[in-house]
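Please read the following report alongside the sequence and the coordinates. It begins with aromatic rings and then turns to other parts of the chain.

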Amino acid sequence: MLTLWLWVFIAVGIGAGIVSGFFKARKIQPKGFKWKIFRNEALIAIVTLTISGTIIGKTTGWLKEHHWIAFNSAPAAWWQVGLEYLLYFFLFDTYFYWLHRWMHKEPVYSWVHKLHHKSTAPNMLTTLSVNPLESIINGGFVPLFLAAFTVHDATLALITPTNIFMGLYVHSGYEFMPRWWNKSWTTKWFITATFHDQHHRYFTGNFGGYTTIWDRLCGTIRPKFESDFDKIKTRNVAKIAAAEPVGDAAG
């Protein structure tokens with residue numbers, strides 16, 4: 001019953017967002033979606049998941065079997081799990097940033113990363129629409145991290161959802177973060193959907209996976225990123241809902 005109510009809550013929230021114009025107002029590229037690209041991404045995602053999932057899964061299993069990967073099953077304090085999670089979070093962000101920049105160099109870009117950039121206006125399926133080799137390189141960080149560090153089971157329980165959520169959010173094509181996000185010293189270091197959407201739209205800059213830290217330090221953040229973010233957040237939801245037919249509200 002609890003699960004049922006959760007799904008009902010989500011469905012009602014999505015429906016209200018569509019009817020009210022909430023989603024339409026937060027679409028980063030209102031006219032960017034193309035069914036042809038979406039169809040191709042679906043096919044690529046199936047192939048990539050099959051290949052990379054099999055390879056990463058078997059590799060992780062082999063590492064566990066030979067005791068390269070082991071978990072600390074002892075009870076953990078919240079701060080222990082927090083430190084282990086932060087270690088993973090920032091190490092992966094560093095790993096992703098530098099590999100991502102490297103993938104934009106020829107011939108690696110043409111051979112590997114270009115496939116992911118077929119979508120200049122990303123959607124959640126774009127997350128999985130990558131060359132299998134790129135998927136193995138990115139997804140392979142988790143078994144590498146687990147082989148290098150013995151973490152608690154609870155830490156892994158945080159790592160996996162983070163990978164899924166961040167991948168889907170930054171490729172969603174919708175900006176849900178508040179207007180003050182990039183103005184606060186605490187939150188401006190964490191990327192938004194607009195941040196990564198602009199990487200797909202312009203092909204350069206904004207290479208970070210979780211944070212803007214390396215982009216800010218290395219000068220690869222797009223100069224107009226913050227002003228473009230503000231433009232999205234100043235859209236009037238009520239006017240958009242009144243101007244657009246309900247059937248088009250999902251963008």
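## Aromatic rings

In this predicted model, ring pairs join Tyr85, Tyr88, Phe89, Phe90, Phe92, Tyr95, Phe96, Phe141, Phe145, Phe149, Phe190 and Tyr210 into a cluster. A search of the whole structure finds 27 aromatic pairs. One of these is formed by Tyr97 and Phe207, whose ring centres are 6.1 Å apart and whose planes meet at 85 degrees, so that the pair counts as edge-to-face. Because Tyr97 belongs to helix 4 while Phe207 belongs to the loop between helix 9 (193–202) and helix 10 (213–218), the pair ties together parts of the chain that lie 110 residues apart in sequence. Both partners are shielded from solvent by the criterion used here: Tyr97 has a relative accessibility of 0% and counts as buried, and Phe207, with a relative accessible area of 9%, is buried as well.

## Charges over rings

The charged end of Lys27 is placed over the ring of Tyr174, at 5.3 Å from the ring centre. The charged end of Arg222 is likewise placed over a ring, that of Tyr202, and here the distance to the centre is 3.8 Å.

## A nonpolar patch on the surface

Trp78, Trp79, Leu83, Leu86, Phe90 and Phe190 together make a nonpolar surface patch of about 700 Å². Among these residues, Leu83 is located in helix 4, which spans residues 78–103, and it counts as exposed because its relative accessibility is 53%, where the cut-off for exposure is over 50%. Phe90 and Phe190, which contribute to the patch, are also members of the ring cluster described above.

Which residues does Thr155 touch, once its neighbours within four places in sequence are left aside? The contacts of Thr155 are then with Val81, Glu84 and Tyr85. Thr155 itself lies in helix 8, residues 153–170, and its relative accessibility of 0% means that it counts as buried. Tyr85, one of its contacts, takes part in the ring cluster.

Thr212 is found instead in the loop between helix 9 and helix 10, and it counts as buried because its relative accessibility is 1%. When residues up to four places away in sequence are not counted, Thr212 touches Lys188, Trp189, Phe190, Ile191 and Phe195.

## Packing of helix 11

Helix 11 covers residues 225–233, and its buried residues are Phe225, Asp228, Phe229, Asp230, Ile232 and Lys233. These buried residues pack against helix 2 (22–25) and against helix 9.

## The chain as a whole

The secondary structure of the chain amounts to 12 helices and zero strands. Of its 251 residues, 41% count as buried, and the chain exposes about 14200 Å², of which carbon and sulfur atoms supply 71%. Among contacts in the chain with a separation of 6 or more, 74% are accounted for by residues 24 or more positions apart.

Notes:
Residues are numbered from 1 along each chain as its sequence is written. This is a predicted model: local features need pLDDT of at least 70, side-chain atom pairs count only at pLDDT 80 or more; totals for chains, interfaces and linings use all residues. Side-chain values use heavy atoms; hydrogens and water are left out. Patches are made of residues with over 30% relative accessible area and no salt bridge: like charges are joined within 9 Å, nonpolar side chains (Val, Leu, Ile, Met, Phe, Trp, Tyr) within 5 Å. Accessible areas come from the Shrake-Rupley method with a 1.4 Å probe; for residues, only the protein chains shown count as cover. A salt bridge is a side-chain nitrogen of Lys or Arg within 4 Å of a carboxyl oxygen of Asp or Glu. Helices (H or I, at least four residues) and strands (E, at least two) are DSSP runs, numbered from the N terminus. Buried means under 20% relative accessible area, exposed over 50%, partly exposed in between (1.4 Å probe, protein chains only). Rings of Phe, Tyr and Trp (its six-membered ring) pair if their centres lie within 6.5 Å; planes under 30 degrees apart count as stacked, over 60 as edge-to-face and the rest as tilted. A charge sits over a ring if NZ of Lys or CZ of Arg is within 6 Å of the ring centre and within 35 degrees of the ring normal. Contact means heavy atoms within 4.5 Å.
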